[in-house]
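Please read them alongside the sequence and the coordinates.

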Amino acid sequence: MTTPKYSQKPKQSGGAYNYVDERVGMSGVIKGFARKLFPDHWSFLLGEVALYSFITLILTGIFLAMFFVPSMATTTYPLDALPVTEQGNHVSEAYASTLKISFEVKGGLLMRQMHHWAALLFMASIVAHMFRVFFTGAFRKPRELNWVVGFTLLILGLLAGFTGYSLPDDVLSGNGLRIADGVAKAIPILGTWVSFGLFGGEFPGMDIIPRLFTLHILVVPGLILALVGLHLLMVVIHKHTQYPGPGHKEDNVVGYPVFPVYAAKAGGFFFIVFGFIALLGATLSINNVWSYGGYDPSPVSAGAQPDWYMLFLEGALRLMPGWEFEWLGFTFSMSILIPGVVIPGILFTALAAYPFIEAYATGDKREHHILDRPRNVPVRTAIGCIIIVEFFILVIAGSNDILATHFELSLNGITWALRIAFLIAPFITFWLVKRICLSLQRRDRELAMHGRATGRVVQTPDGAFHSVHRPLDDYELWTLVQHDLHRPLKVGSDTDADGIVRNDYKSLKRRSAVSRFFFEDRVEPVTKSELAAAQASHHQLDHSSQSTSVAQLERTDQDEIES
């Protein structure tokens, strides 16, 4: 009797899965990821909206790439094709193929409009997600690098949007490229060479559309995909942040596992986002290039605004006075260089470096997984509000011609008003937001100490009247008292105990100055001893109210007594 050559064990279910797992070994990773917990809060959906919008962009972009012709070669538009206004005109093949997608390809116009709406939603959700991370302090250790990855995704999103809406080669996109050419040429010394390298010669050249097409469908999406994967990997490694509440600690996560709860919710939410974008694409017209016509470098039309996420650059260019000077035989166009290069460079650099600046100010080396309430970090909240206010001012400035014509206002008057607002708004916003945050902190302190007013007033044996307050429940109380308070760093003496001058004194002094800017104005949180004393006082008042006269007053009478 011989032993069979192959095993005669019966086949088990899931054979395909076992086959792959035995050769790849992914079961442990999948099981570990399936048990991963994610908190349940609506603000965490902002990042998912960005992800699902990007997936929609890829799907619609694949469809459009099959029909778009990335060429600036001139062609004659057919006499039997829509729209009638373009029949027989000499246009570029890029513009002609865009019209063909819109009027001849089945579903082409829907795909174009879905693609454009998805791009707008993609950028909006990225910006909203980054502000959520910024205001709640989710960028703190160990997530500083993940913030840099997210910031890079924002820059790549701007680049993807610019390269995308420049492809149809219509008047609107051509004007955007003209502005890009002007910004490139404004760079001192190298500007002309940068413009020639970008456009392959004198503007507009014949190479810019093919180059933008390559960037738009290959380079930028590839980088975004890689960084999205890295971003999600870091989220898994560092575990998810969570809002303060009972049971929420730095070393745990309160939420739902990925499988089956979170996966089912995420899958359903993807179809909601996709359906919403499809509804926008089917019902709301956007970027009707046939209304503008093919690009002609000779005229410049009024009322030409880019998409909202690039409109702040347009506004900055419109607000800047026409300053320029010559030095060493070179002309420095400050009216373009400052708003187009300097200001965005400073803004984006500061935004990318902010987590490291705040860590420098606090000197905090701990890991943070519990989010801040924006009111508890007033300087950070004020800085974020300054960015929002300045952005809206620049967006309005980018539409100053529309405001002037529609409301019959002076264009110069609008421009000067916005210039003044752009300069003074940061100081007003910082002061106002910081005061509001500190006031809210004082209100939280009063609530934690005394609770909420019940509308009852009691008279104690000594004849005094007291308002009775209802203590907060554990959830409310935890939210109000759990936060840490950072205090300004103290430098100390410039010499050590032996009288020797400290080498690090100057650096510590600079660090202390930054720390004072962030944390000098503050409201001390309620301590355990203060909370215990306040609770004992209210308990004694409640006990005495049971044996003394109790007056139930109307709201107006209560307000008079309390005042």
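1. T76 belongs to strand β2, which covers residues 74-76. The model is a predicted one, and the points below should be read with that in mind. With a relative accessible area of 44%, T76 is classed as partly exposed.

2. What does T76 touch, leaving aside residues up to four places away in sequence? The contacts are G88, N89 and H90. With H90 there is also a polar contact between the two side chains, at 3.3 Å. V91 lies 15 residues from T76 along the chain, and the C-alpha atoms of this pair are 6.2 Å apart.

3. Strands β5 (residues 324-327) and β6 (residues 330-333) are paired antiparallel, with 4 bridges between them. Within this pairing, T331 of β6 is the residue opposite E326. The hairpin has 2 residues between its strands, and L328 has a positive phi near 55° there.

4. T362 is part of helix α12, which spans residues 334-362. Is T362 buried or exposed? The relative accessible area is 14%, so T362 counts as buried, the cut-off for that class being under 20%.

5. Beyond residues up to four places away in sequence, T362 is in contact with H486, L489 and F519.

6. How many disulfides does a search of the whole structure find? The search returns 0. For C385, which is in no disulfide, the nearest cysteine sulfur belongs to C437, at 7.1 Å. Likewise C437 is in no disulfide, and the nearest cysteine sulfur to it is that of C385, 7.1 Å away.

7. C437, at 5% relative accessibility, is buried.

Terms used: Residues numbered from 1 in each chain as written. Predicted model: local features only at pLDDT ≥ 70, side-chain atom pairs only at ≥ 80, totals over all residues. Heavy atoms only, no water. Disulfide = S-S within 2.5 Å. Buried < 20%, exposed > 50% of the residue type's maximum accessible area, 1.4 Å probe, protein only. Contact = heavy atoms within 4.5 Å. Polar contact = N/O pair within 3.5 Å; in protein donor to acceptor, adjacent residues only side chain to side chain. Pairing = 2+ DSSP bridges.
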